[in-house]
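Please prepare a briefing on the fold, the packing and the ring contacts of the structure shown here.

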Amino acid sequence: MQVSTPVPHINQVDNWDCGLACVAMVANALGSRLSLAEVSLHCSVESVWTIDLVYILRKLSNDQANLPTIQFSKRSPSQYHVPNLSPGRGEGWDFTYYTSTIGVDAAHSKEKFYCKSFDDDQKRVNELFENADAANVRVIELTLPLDDFKRFLYCRKYAIITLVNQRLLKCPQCLEKTNFCSCNAGPLGSIVQRMKGFRYIGHFIVLVAYDANEDMFYYRDPAVNDELCSIAAADLERARNSSGTDHDCIIVKVE
């Protein structure tokens, strides 16, 4: 499948800034010619959660459009089983954060990936969730079905920033080159080495296309130098459903 997407490939430069690189990719697709370094100026922590990314997206959107803060009304999660991502004209970038857990899941404190900064993160992240409405950040407590991922990407108007367990990513092209899903030239090799023994390695990718004939997703991985990776739908489902991800995803309209 030949994939055409407005989302460019941007590499992360450290072992913690994959989410910021994903935001930079999406921001560039939306017309903000920002480098990863420029996006990083909006983040004061190295322990980056998905809620941090949506706050940064809102800030960048407001900066681009010079918009004031607008509050969204609270809605029942059941209304979003078939998501509607069409805010009124003039409200900036169109994106929604879906998660199975509002706030911090205390069970994550037992994961090696989270435990080092968990106590510091817990209060900060919970406050961000509590203030989301006031910040015009749309958060829906819902595990978005994979079929909705397929519908969004099949129409080629959306990109999806997705939190996955990196250990479960299985890109066929990458696996031909090495025994973990990355080309050796990317920064992921050092990340995997640093996190030896971790069951879970949280990692953000940007899904950009879906091939219904092959049941394959295509994505940008900021940790590899290959510009486009692919993954079977069943493998993506395992990677995004892994304990630790909270099924986090950000649906962004890019066209």
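Which residue of S2 does Tyr98 stand opposite? Tyr98 stands opposite Ile140 in S2, where strands (E, at least two residues) and helices (H or I, at least four residues) are DSSP runs numbered from the N terminus. The model is a predicted one, in which local features need pLDDT of at least 70 and side-chain atom pairs count only at pLDDT 80 or more, while totals for chains, interfaces and linings use all residues. Residues are numbered from 1 along each chain as its sequence is written, and side-chain values use heavy atoms, with hydrogens and water left out.

**Overall make-up**

- The protein chain has nine helices and seven strands.
- Of its 255 residues, 53% count as buried, a term that stands for under 20% relative accessible area, with exposed meaning over 50% and partly exposed in between, for a 1.4 Å probe and protein chains only.
- Among contacts between residues at least 6 apart in sequence, 73% join residues at least 24 apart, a contact being heavy atoms within 4.5 Å.

**Strand S1 and its partners**

- S1 is mostly covered, as five of its five residues are buried; Phe95, Tyr97 and Thr99 lie on one side, and Thr96 and Tyr98 on the other.
- S1 and strand S2 (residues 139-141) pair in the parallel sense over three bridges, two strands being paired if DSSP finds at least two bridges between them.
- Strand S7 (residues 249-253) runs antiparallel to S1 and is joined to it by four bridges, with Ile250 of S7 as the bridge partner of Tyr97.

- The hairpin of S4 and S5 has four residues between the strands, and Asp215 takes a positive phi near 55 degrees in it.
- His203, found in strand S4 (residues 202-211), counts as buried because its relative accessibility is 2%.
- Leaving aside neighbours within four places in sequence, the residues in contact with His203 include Gln12, Cys18, Thr162, Val164, Gln166, Asp221 and Pro222.

**Nonpolar cores**

- A nonpolar core is a set of buried Ala, Val, Leu, Ile, Met, Phe, Trp, Tyr and Cys residues joined through side-chain atoms within 4.5 Å.
- The largest such core has 48 residues, and those with the most contacts inside it are Ile51, Ile161, Val206 and Ile250.
- Helix H1 (residues 18-29) supplies the largest share of this core, ten residues.
- Apart from this core lies another, of 27 residues, among them Phe152, Tyr158, Cys229 and Ile231.
- Ile51, leaving aside its neighbours within four places in sequence, is in contact with Tyr97, Val125, Leu128, Phe129 and Val139.

**Aromatic pairs and a charge over a ring**

- The count comes to three aromatic pairs, under a rule by which rings of Phe, Tyr and Trp (its six-membered ring) pair if their centres lie within 6.5 Å, with planes under 30 degrees apart counted as stacked, over 60 as edge-to-face and the rest as tilted.
- Tyr97 and Phe129 form a tilted pair, at 6.0 Å centre to centre and 40 degrees between the planes.
- This pair links distant parts of the chain, with Tyr97 in strand S1 (residues 95-99) and Phe129 in helix H5 (residues 118-130), 32 residues apart.
- Phe152 and Tyr158 form an edge-to-face pair, because their ring centres are 4.8 Å apart and their planes stand at 65 degrees.
- Phe152 is buried at a relative accessible area of 8%, and Tyr158 is buried at 12%.
- The charged end of Arg240 sits over the ring of Phe149, 4.5 Å from its centre, where the rule asks that NZ of Lys or CZ of Arg be within 6 Å of the ring centre and within 35 degrees of the ring normal.

**Cysteines**

- The count comes to zero disulfides, a disulfide being a pair of cysteine sulfur atoms within 2.5 Å.
- Cys43 counts as buried at 14% relative accessibility, and Cys249 counts as buried at 0%.
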